[in-house]
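The following exercises concern the structure shown below. Each sets a task and then works through a solution in steps.

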Number of protein chains: 2
Amino acid sequence: MSRKEQIEETATALFKAKGYSATSMRDLANELGIEAASIYSHIKSKEEILQKVCFRMAREFFEATDAVDSPQASATERLTKAIAAHVKVMTQNTEASAVFLYEWRHLSEPYHSSFLSLRDKYEAHFRGIIRSGVESGEFKVPDVKFATMTVFSGLNWIHTWYKPEGKMTPSEIAENLTYMMLNGMKNN
Amino acid sequence: MSRKEQIEETATALFKAKGYSATSMRDLANELGIEAASIYSHIKSKEEILQKVCFRMAREFFEATDAVDSPQASATERLTKAIAAHVKVMTQNTEASAVFLYEWRHLSEPYHSSFLSLRDKYEAHFRGIIRSGVESGEFKVPDVKFATMTVFSGLNWIHTWYKPEGKMTPSEIAENLTYMMLNGMKNN
DNA sequence: CCTACCGATCGGTAGG
DNA sequence: CCTACCGATCGGTAGG
């Protein structure tokens, strides 16, 4: 791993733990065992690290869900696979995912706006799947947008409790979340 | 509204918008139209504001859900009412709720620990309802803790999109969320 | 509620 | 990658 990658990974962990604003370059340097000024031999600015993490994660989520999508499949199958892909990316990048979810607001323009439009586009992918399921009669939801947000909420809360050494594997998490979202808790 | 309350409300809005760390006392003073030093006539420290907001919201959530709970009712009814109470508090305090959800980590000890144990206790209330529903045969879930976290995720994501002028009222939101959590999206 | 100010820390640069 | 340092800003205090 290059020093640059090491800086980004360490910074990501700190950004998740303390938040972007509360993380100083001296905190980061301390964690790396070097002086703060030395970091600037490898990166241009503190925000550059945040940009890299946010946009890399956006790309990872896109690629993972695109790779498993097949337009001719049922909405149920498409949603199941999209959830599994999202959970996989998230559990493999817990810290970067948290930064992607909560620290993007510290991006300056034009990064802030372009990040938001990427995120909207990603949500639209899920919204499209759910809408097509409603149209085909597979799904029945109060409101497509509301249902999409609820699915996302379940997906995006995972990083708050997931631990690699926990009893649930990523694919079990995906399976359970899909079950909850499709069938609910009621015992029929 | 007293000046002190005005300071807390303005700070809450800034803490939500920019995050606790990125909000300076000068930002706050500017928003209030006074000098930063003047704020200290009313409050002791920046963190004191955060403490007030976090613990006040914890109390509000507890009181609201306790008030509607009845141990002899069915788990379905208890969960329905708890969700409605939570959504009501959240939609009536969108900014304070966001601070409650994301900024508590900037609390110093012993506030940090005691906040976390309050939050655990609150989650335990929901977990208890879901567990009793599983025991009575009303619910069927992959895992009680997982189901509780998923319900919470839906509850706690609301503040990211809720707008008082939006088309969904708080009670409709609660109704729709309850429907999704109990029945899922599948069209039976 | 203001002026005047404090020591500490911030992100970052120059020069080696 | 370090030493030495910059101007800006931080939370907060003294004194009125």
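## Exercises on a predicted model

Among contacts in chain A of this predicted model between residues at least 6 apart in sequence, 68% join residues at least 24 apart.

**Exercise 1.** Describe the secondary structure and overall dimensions of chain A.

*Solution.* 
Step 1. Chain A contains nine helices and zero strands. Read from the N terminus, its elements follow the order α-α-α-α-α-α-α-α-α.
Step 2. The C-alpha trace of chain A extends over about 60 × 40 × 25 Å along its principal axes.
Step 3. Chain A has 188 residues, of which 51% count as buried.

**Exercise 2.** Locate the annotated "DNA-binding region" of chain A and state its secondary-structure content.

*Solution.* 
Step 1. An unreviewed UniProt entry lists residues 24-43 of chain A under this name.
Step 2. In the model, residues 24-43 of chain A are 60% helix and 0% strand. The end C-alpha atoms of this span are 14 Å apart.

**Exercise 3.** Characterise the interface between chain A and chain B.

*Solution.* 
Step 1. The size of an interface is often expressed as the accessible area lost when the parts come together. For chain A and chain B, about 4,000 Å² is buried between them, with 65% of it on carbon and sulfur atoms.
Step 2. A:Phe146, A:Trp157 and A:Met185 provide 21% of the area that chain A buries against chain B, more than any other three residues.
Step 3. In terms of contacts, 46 residues of chain A meet 46 residues of chain B.

**Exercise 4.** Why does B:Arg78 count as buried?

*Solution.* 
Step 1. B:Arg78 belongs to helix α5 of chain B, residues 75-92.
Step 2. The cut-off for a buried residue is under 20% relative accessible area. B:Arg78 counts as buried because its relative accessibility is 15%.
Step 3. Apart from neighbours within four places in sequence, B:Arg78 is in contact with B:Asp69, B:Ser70, B:Pro71, B:Ala73, B:Ile129 and B:Ser132.

**Exercise 5.** Where is A:Pro110 placed in chain A, and what is the peptide bond from A:Glu109 to A:Pro110, cis or trans?

*Solution.* 
Step 1. A:Pro110 is in the loop between α6 (94-102) and α7 (111-136) of chain A.
Step 2. The bond from A:Glu109 to A:Pro110 is cis, with omega near 5°.
Step 3. In chain B, the peptide bond from B:Glu109 to B:Pro110 is cis, with omega near 5°. B:Pro110 is in the loop between α6 (94-102) and α7 (111-136) of chain B.

Conventions: Residues numbered from 1 in each chain as written. Chains lettered and ligands numbered in written order. Predicted model: local features only at pLDDT ≥ 70, side-chain atom pairs only at ≥ 80, totals over all residues. Heavy atoms only, no water. Helix = DSSP H or I, 4+ residues; strand = E, 2+ residues; numbered from the N terminus. Buried < 20%, exposed > 50% of the residue type's maximum accessible area, 1.4 Å probe, protein only. Contact = heavy atoms within 4.5 Å. UniProt positions renumbered as here; feature names shortened; annotations may be inferred. Buried area = accessible area lost by both parts, 1.4 Å probe.
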